[in-house]
Amino acid sequence: MSIFKFIRESVSKVASQKGIGENKAFAYWFLEQIEELSEEDAELTVLDGPWDAPRDTVYYDDEEATLKIYQFRYGQDLNHIIPPLRQLQKAAKIEVAKLPECLELKFIIVTMTWATDVIYKEAKKSRKKLTTWLARNDYMLNADIEVFDLKKFAQIFDKIYGIDVVLKYKMKPMIIDDSILGLINARVFLEHMENDQLLALKIRRFLGFRKGSVNWQIRQTLEDGSYRNRFWILNNGIVCLCTDFKEMTNESLFFNNLTIVNGVQTISTITKFLENNTAFREPIWVFAKVIKIKENDVRCAIEVVKASNTQTPINNKDLRTVETSHIKLKKWFNDYFNVTYIYKRNDFASHERPVVSMKELAQAYLAYWYEEPHISFGRPGTIFVKSSYYDRIFPGGDIDRYQRNRDKEGIITFLNERLLPLRILSKIKEEMEDLVTKEYDQKWKALAYHILWIYGVLCRYEKINDNSLLLGRCDLVVQETIKSIYDALVYFCKFERLEIPNDLKTPRFAKKINDRNLFENSRNFLKARAELRAILRVRD
């Protein structure tokens, strides 16, 4: 199946499930599957009303203090990308109240077309105008524009993409099998930095020039003439991928689909130095390792990215998919529960069978068993970054031991523990469609992960340890008890004058409930506990 057809089918499914048009469904699908927002957070992020304003979705990433403004173009007309690029300043003015708390303002144009150089040049011009406007109005923050086109989707789901470029070497490079080692003139990247394909697999954005930082030291080295010629000695260099290369001369090679996977900070600092020193014409030599891989070998690409970034531990959901634990889990879910486990972006599932996704499983597990619903709701990507979260949910040692010992009972217990929170969450969302009926109350849907957390707490209060029993009756449990829990949380939010959904993204919400001992004092929670005991016949 082509990447285009895959996206179309995925978006059509979302549109059918939510009863909305495909243009809007495209936004929901992108935010959940690519940006990895929770379903509830995405619902609150997509703006209502006609989509002719210069922003379709506004999301504040409080972890990085970044305001993200999205424009979605589901059609394939390239000309439809230009207008939103020219309206960035207007969009920024609409969100002006949020700018003082930001370190970065980022615009993301998402399109189902293949972006051209015309689009990238327009984006560069728009960014320059926007930066000027921000500076004039005393907003001290970075501004960035990303064009997320069909090539980027292909890179994520199917193929490797980069830029076609000639690299000039200080001397003839070493070519060992499919790797090229040598000193390149980094000047060449100056004209390509605005092209997202150059950094198609980057896992860190440019971090700026905070005094004392690595980037600040790199810039100091460049600005000091006595050190500049020795820059390549003092710098670790860069790592790139390509899909093909050929020799042009002894000192130059032509590369297809070259993309930088390590050394983004180095190249970004060099290009900013060159932008600010236009009279400087000398080469800047950087050591580069370029590895040739097959165009569709995304797995290999991710392994290289992971290996080349081990100096600073960085993990995300895509990097985790190369771990063999998920291959075992996929087989176990299939063999023991007839369930399809999806852990890669480009995995496909049959419509006839239940589906469990790695991301949703992790979110539900963390909220239910480890009582951190604010992470599941507000920052699900963090689960795959922090080993303290990830290793709890996907303990590789335990998975290997069950497999090695052919421990059927251990495997089923392991899977039950992970299916239970997901099944409860699914029923919570279903019931909340009826509980939250008024349009102005839609924000209360954001409580889903906190309600899931409550169920975990109540089960532990009532000493309900039989996950298999609870899994078999969880639909009835939620159906009979959710009204009491929902009413208790809504009353609590209003009484405490909490801001929903923002306060759900911090641990303060759960802490306040615990501090007030509401699980033992709230009439609604006590009612829910009694209903829970009755359904599961748990003795006092």
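Predicted model: local features only at pLDDT ≥ 70, side-chain atom pairs only at ≥ 80, totals over all residues.
The crossing involves helix α21 (residues 448–461) and helix α25 (residues 523–536). Their axes come within 10 Å. The crossing angle is roughly 65°, and the crossing is right-handed. On the α21 side, the contact is made by Ile-454, Leu-458, Cys-459 and Tyr-461. On the α25 side, Phe-525, Ala-528, Arg-529 and Leu-532 take part. Sorted by class, the contact of α21 with α25 has 7 nonpolar residues and 1 charged residue.

Helix α11 covers residues 264–276. At 1.5 Å a residue, the 13 residues of α11 should span 18 Å. Burial was examined next. Of the 13 residues of α11, 10 are buried, so the helix is largely enclosed by the rest of the structure. The buried residues include a run from Val-264 through Gln-265, Thr-266, Ile-267, Ser-268, Thr-269, Ile-270 and Thr-271. Phe-273 and Leu-274 are also buried.

Glu-431 lies in helix α20 (residues 408–435). The relative accessible area of Glu-431 is 16%. Buried means under 20%, so Glu-431 counts as buried. Leaving aside residues up to four places away in sequence, Glu-431 touches Val-478, Gln-479 and Ile-482.

Methods. Residues numbered from 1 in each chain as written. Heavy atoms only, no water. Axes fitted to C-alpha atoms, helices over the stretch in contact; angles between N-to-C directions. Helix = DSSP H or I, 4+ residues; strand = E, 2+ residues; numbered from the N terminus. Left-handed = near helix turned anticlockwise from the far one by under 90°. Contact = heavy atoms within 4.5 Å. Nonpolar A, V, L, I, M, F, W, Y, C, P; charged D, E, K, R; others polar. Expected span 1.5 Å × (residues − 1). Buried < 20%, exposed > 50% of the residue type's maximum accessible area, 1.4 Å probe, protein only.
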